[in-house]
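Subject: Structure handover

Hello,

Here is the structure for you to look over. My notes follow below it.

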Amino acid sequence: MEQQLFEKYNGSLVTDSMLQEAAELFSKHYGVWSEQAVQMVGPFAKAGNHVRLNKARLRADYLAEPSTSSYVRVTIDGHLVGNAFACRWMYENKTVCWVTQLVVHQDYRERGLAMNLLKQLRHDSDDIYGIMSSHPAACLAAAKAFGSSISTVRLDIIKQYASDIMKASPIRYVKDARLCGSLFHPDDSSGLVSSANTSFWVDHTEPLEALAWAREAAHWPLGDLHDGHEFLLVLEAKHRPRSQSRSKFGSSPVS
């Protein structure tokens, strides 16, 4: 029987060796560049090549504020098969927890690992959760982990909070993202509803297949997916009883 272990770390406790493993997981299993990437990003972003990150980039971009960053990972039989990074900041006396990266090994998807990784990020002090992702599976996992389901997502909450909390973010790609879609621009007839232009030119072949499945399986509230864009999801936290509170920092194994 395989041994599954979830661990959670404060950003200041994440070692270079952990980041090296995370960088390898991302570079092999996140996604590939799109046809437009060479023109929009540069010659290194050849269509079909894996999008890559190194450990230095991970630390600079995802652990820029170590004291307010979190890292969670899941290993199976000692091998890293999934992880997530998050950053917290304050907005009008509310704690925002934003998922900055979520990756699961291709051979271990559709097993609930993404949802359970995100559950590990939850803390009783959190008031708002957010994520931008081009993959519907990430949004489905976040809706389940932080709310109840994608069908119950409240668009009015996204509209109320998204712009201001993102402007307050210490994470540059979150701060610089441009909100798109009919939720923010009523005259928008592009098919976008809750979207952000992040100029991330990852290939959307797999995400669009997942989007078609998601629309058949349940109400999908976030609209279409355009090149260079990501879905935007913001959720209010459901506060748990204090007796169920977990430690905010350190490692936490879960069977």
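V41 is partly exposed, with a relative accessible area of 35% (buried is under 20%, exposed over 50%, partly exposed in between; 1.4 Å probe, protein chains only). V41 sits in the loop between α2 (37-40) and α3 (55-62). Helices (H or I, at least four residues) and strands (E, at least two) are DSSP runs, numbered from the N terminus.

This is a predicted model: local features need pLDDT of at least 70, side-chain atom pairs count only at pLDDT 80 or more, and totals for chains, interfaces and linings use all residues. Residues are numbered from 1 along each chain as its sequence is written, and side-chain values use heavy atoms, with hydrogens and water left out.

Confidence next. pLDDT is the predictor's confidence in each residue, from 0 to 100. The protein chain averages 93, and 94% of the residues score at least 70. Over residues 242-255, pLDDT stays under 50. Where pLDDT is low, the predicted coordinates should not be read in detail.

Now helix α1. Its 14 residues (16-29) should span 20 Å at 1.5 Å a residue (the expected span is 1.5 Å times one less than the number of residues). The end C-alpha atoms are 20 Å apart, which agrees. Buried residues of α1 include M18, L19, L25 and F26. Their cover includes β1 (4-10), α3 and β2 (69-76).

Last, S134. This residue is in the loop between β5 (128-133) and α5 (136-146). S134 is buried, at 4% relative accessible area. Beyond four places in sequence, S134 touches residues including V202, H204 and F231 (contact means heavy atoms within 4.5 Å).

Best wishes
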